[in-house]
Amino acid sequence: MDYKNAGVDIEAGYKSVELMKEHIRKTVRPEMLGGIGGFSGAFSMEKFKDMEKPTLVSGTDGVGTKLKLAFLMDRHDTVGIDCVAMCVNDIACAGGEPLFFLDYIACGRNTPEKIAEIVKGVAEGCCQAGAALIGGETAEMPGFYPEDEYDLAGFAVGVVDEKDLITGRDLSAGDVLIGLASSGVHSNGFSLVRKIFDMTRESLDTYYEELGTTLGDALIAPTKIYVKALKSVKDSGVTVKGCSHITGGGFYENVPRMLKDGVFAVITKDSYPVPPIFRMMAEKGQVEEKMMYNTYNMGIGMILAVNPEDVDTAMKAIRSAGEAPYVIGHIETGEKGVQLV
């Protein structure tokens, strides 16, 4: 009896590491110390000495049951982007610059080519965020996960000068809310998605005119990474007074998280185009409108609050980063919360 007979293939693990190295190299930043494959990742803080009060910000998350879709479609090169996005967008919400990322893949059986595809997506997400993929872990766990399934999670660390933290403390009535378009469902609410649609390969391969693609491609579209858009706004000289990443819990849970006591957000639902996938989900699943806005991003992945006089500059900066912005609402005085009108 040996470890391989017990279900853990050490040689496959070595091959996985070799295959993923080419993707990891694309994410290297000059602050990275040491090579790929060490017991820990080292990252120099030398260049942040010029900050008055350099402050670390962090985020951790996973892809959730969207992975079930990846299994069905046998598509593993995009869920890594989702994993990175869920972490670095939270860091960007605080005004931080993501520095590095670590991933954790747990699987029933280590298939090197599949693991490399997953890490390829992770590396692409890191490139989009400007973060280094500094380390990770692939755990082969036979008997715990089915052979053809895996879980994927990650952890990111960023930095921001304390004076530049986005806290919402300076929000006031009249501030304008700018929404950044999402790419679709992103990586939240897939337990409901899998109840609404028939999760078969035939169903997912069906082309819909209103979607302009197959159902599967519309659903698996990776989460937008908004790091460069937030940096562009900051570089334009605009102060972001509040910021919300619209993830699980939709508008009703996430928007209040950007607010201080004594103000509430008013969002106009028809101020931007809602992607057709959400209309299809609501109709097919007979999901009430409030529940849709309480579960999904409904086409807006990130919301920024800025002074009225900064709106045009912020919108221009967001567009220059390749994202689509919309003025979707404003701030009023009152009990903390959100109203959708």
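Which residue takes a positive phi just after helix 4?

Modeller: Gly 130 does, with a phi of about 75°. This is a predicted model, in which local features need pLDDT of at least 70 and side-chain atom pairs count only at pLDDT 80 or more, while totals for chains, interfaces and linings use all residues. Residues are numbered from 1 along each chain as its sequence is written, and side-chain values use heavy atoms, with hydrogens and water left out.

Helix 4 itself covers residues 112-129. Helices (H or I, at least four residues) and strands (E, at least two) are DSSP runs, numbered from the N terminus. The 18 residues of helix 4 should span 26 Å at 1.5 Å a residue, which agrees with the 25 Å between its end C-alpha atoms; the expected span is 1.5 Å times one less than the number of residues. Buried residues of helix 4 include Pro 112, Ile 115, Val 119, Val 122 and Cys 126. Here buried means under 20% relative accessible area, exposed over 50%, and partly exposed in between (1.4 Å probe, protein chains only). In general, an α-helix has 3.6 residues a turn, so residues three or four places apart point the same way.

Ala 94 counts as buried because its relative accessibility is 18%. Apart from neighbours within four places in sequence, Ala 94 is in contact (heavy atoms within 4.5 Å) with Val 57, Val 160, Asp 164, Leu 165 and Ile 166.

Further along, strand 12 (residues 300-306) has 7 of its 7 residues buried. Strand 7 (residues 176-181) pairs with strand 12 in the antiparallel sense over 6 bridges; two strands pair if DSSP finds at least two bridges between them. In that pairing, Leu 180 stands opposite Met 302. Strand 10 (residues 242-245) also runs antiparallel to strand 12, joined by 4 bridges, and Cys 243 stands opposite Leu 304.

Finally, the rings. The whole structure holds 6 aromatic pairs, where rings of Phe, Tyr and Trp (its six-membered ring) pair if their centres lie within 6.5 Å, and planes under 30 degrees apart count as stacked, over 60 as edge-to-face and the rest as tilted. One of them is Phe 144 with Tyr 145, edge-to-face at 5.2 Å centre to centre and 65° between the planes. Phe 144 counts as exposed because its relative accessibility is 60%, whereas Tyr 145, at 21%, is partly exposed.
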